[in-house]
Amino acid sequence: MSRTKITPEEALAYHLEPRPGKYDIVASTPMATQRDLSLAYSPGVAVPVQAIADNPETAYDYTVKGNMVAVVSNGTSILGMGNLGALASKPVMEGKAVLFKRFADVNAIDIELDTEDADEIIRAVKLMSPTFGGINLEDIKAPECFIIEQRLKEICDIPVFHDDQHGTAVICAAGLINALELSGKRIQDVRIVLNGAGAAGIACLELIKSMGATPDNCIMCDTKGVVYQGRTEGMNQWKSAHAARTDHRTLEEAMRGADVFLGVSAKGAVTQDMVASMADNPVIFAMANPDPEITPEEAHAVRPDAIVATGRSDYPNQVNNVLGFPYLFRGALDIHARAINDEMKIACAEALARLAREDVPDEVAMAYGRKLSFGRDYIIPTPFDPRLIYVIPPAVARAGMDTGVARRPIIDMKAYEQSLKSRMDPTASILQGVHARARQAQARMIFAEGDDPRVLRAAVAYQRAGLGRALVVGRENDVREKLEAAGLADAVRELEVVNAANTRHLEAYKDFLYKRLQRDGFDRQDIHRLAARDRHVFAALMLQHGHGDGLVTGATRKSAHVLNLINHVFDAKAEDGAVGVTALLHKGKIVLMGDTLVHEWPEPEDLATIAERAAGVARSLGIEPRVAFVSFSNFGYPVSERATKMYRAADVLDRRRVDFEYEGEMTVDVALNPDQMKQYPFTRLSGPANILVVPARHSASISVKLMQEMAGATVIGPILTGVKKPIQLCSTTATVNDIVNMAVMAACKIG
């Protein structure tokens, strides 16, 4: 995987649009009528108030406390950037809050405290702690972070967790378990060298020792060398606790014969000579970010037998905190824990290690563009493994119950695991998967509308994200001016700008088009105007002749008009089998709808084809298709011509003997709501439909736009399928992100 290049302009735009910041607060109860207000506030609210006053534990029942975490920082150690202050840390803390929600469905809110006084922070967090089920401390410099965490653990009756310390330690421990297994070594026997005596390093060593590492076999180093017994320079009580009895004084000396190196220090801290001096089958966790202490290539050049992990996503074995903290808190919150203890952290590490040894689901392999199996290049699960949510929290919860920190133990663990599965958000995993596949494909993507600033920004984003090569159809001077106006002047040198005036292929394009259209009333002059002056036709001709791998267009003209122009070059009509499928992403669910583009009034045979095409799109996205032919009636009542053709479409699929689930005709609520579906026990669907086939294009368009405007659904599409080459059409209201998503769909040949 190539490393994504992010410009300052892109980063600022991401945080500015569509609204400043990264999250909203959304009410989970009705708030529309006078009765709703009376229940939510006065007088109804007095009842739970009194219940909590009588029994404080019921706060977990009647408020969000049990699923709410505070992400607290004072900005004194921001992402390796140093002490930039509380306010500057807010984007990082907002990001942490949305990671909690995305990966474990934990509500989190960021709190930035404008003080460097440890006592003030302790007092502030203690005073606000009744609000929350847990406290996540973040980006607070050492040694204050140790003092703050320890004191808060003593005085608060909810989990307090400094992720900079323990998050890294847990994932490091998980990887070490598997690395040692592959090396045929035991943790109590190996010699371990740690470089970096800050918060993360000390936490790593403490957790590994609590897992069985022999203290006398562990050596800690910092910028002044080995932390040894008797050393006085640069010492503190936390380092002193790990001072070793050794004659070694430098990192180079300590590395000789070592089995394990753990680095949370700085780029280039480890040399190839140091790696070469290590024991057989060395384990090297070079976790400095953004650049490791030594790269995997450098380490393997001198020690092919080494198992190497880094903090980087573009190398195998990424030590990524997001594998730990969301699921630790999920498990802790669900037992109403008083603390997150070492046993819970070890349980998390061991569960992660076990998960990496299991078969990897196909959707995960698809997302990363390669087969993943337990071995030297796969010792830690990937962050987008869907099993994490229902494997890690139960292990954490069990450990919490076994060690007595649970206020409310879980009785039915199987039911708990099922409830965790229902919290999964498949949409982000799907998008991550197609982006990863696009990055593997490295498609040359043709962006037809190079006169539109959104399209140009999308082309730059596509290329800088490492997704492939962006080819922009437009005039170079115009492209340059629009990029400069967008603050992307340096991108002019990166993009390839193409038009009829600078291509040597124009005559070949015109010859092809004339042969195709000469019997449809087009003469040579018509052909010249189409090929040389219409960017949509020109871009389609580029794609047809292999001068690009995919095409994105439609952001500046209506889809029907653009599709008509594309039909001059490709067979993309209804009778050719072309279909438009739109993906709706809303509240963690994804539903595909067809046909939103091509068929105006499909007959039963057409509806069956739409279902087949949509099923192909679903499978390309890693979704097992379940099709519902939807109408205003359910299984024959009320009777109508429009409903009858939906019923007959299912008969057509019967005859075609397709290999996916389908049913109809049925109303949308029956198709999507499992409780409603239970009223029809004879249905052939095993669960809620994820593909809706509607009676006509107008009903598809109305449904999509209604979901987009009223419910705030994310819309991807229409995805054009059934055409020989990958062509995707955006809507005229498409954002930059929408256009990039459509380019990714084309790159993955979805459709």
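Reader: Is K749 buried or exposed?
Author: K749 counts as exposed because its relative accessibility is 61%, where exposed means over 50% relative accessible area, buried under 20% and partly exposed in between, with a 1.4 Å probe and protein chains only. This is a predicted model in which local features need pLDDT of at least 70 and side-chain atom pairs count only at pLDDT 80 or more, while totals for chains, interfaces and linings use all residues. Residues are numbered from 1 along each chain as its sequence is written, and side-chain values use heavy atoms, with hydrogens and water left out.

Reader: And where is K749 found?
Author: K749 is in the segment after α31 (736–747); helices here are DSSP runs of H or I with at least four residues, strands are E runs of at least two, and both are numbered from the N terminus. The phi of K749 is near 60 degrees, a positive value in a residue other than glycine.

Reader: OK, what about the phi of H336, and is that residue buried or exposed?
Author: H336, which is not a glycine, has a positive phi of about 50 degrees, and with a relative accessible area of 9% it is buried. H336 lies in the loop between α14 (325–334) and α15 (342–357). Most residues other than glycine have a negative phi, and most peptide bonds are trans.

Reader: Which peptide bond at P143 is cis?
Author: The bond from A142 to P143 is cis, with omega near 5 degrees, and P143 sits in the loop between β3 (134–137) and α7 (144–155). The bond from G594 to D595 is cis as well, with omega near 0 degrees, and D595 lies in the loop between β16 (589–594) and α26 (604–620).

Reader: Switching to helices, how do α23 and α24 cross?
Author: The axes of α23 (residues 524–533) and α24 (residues 535–544) come within 5 Å and cross at roughly 80 degrees, with axes being lines fitted to C-alpha atoms over the stretch in contact and angles running from 0 to 180 degrees between N-to-C directions. That makes α23 roughly perpendicular to α24, since 65 to 115 degrees counts as roughly perpendicular, under 35 as roughly parallel, over 145 as roughly antiparallel and the rest as oblique.

Reader: Which residues meet there?
Author: L530, A531 and R533 in α23 meet R535, V537, F538 and L541 in α24, where contact means heavy atoms within 4.5 Å.
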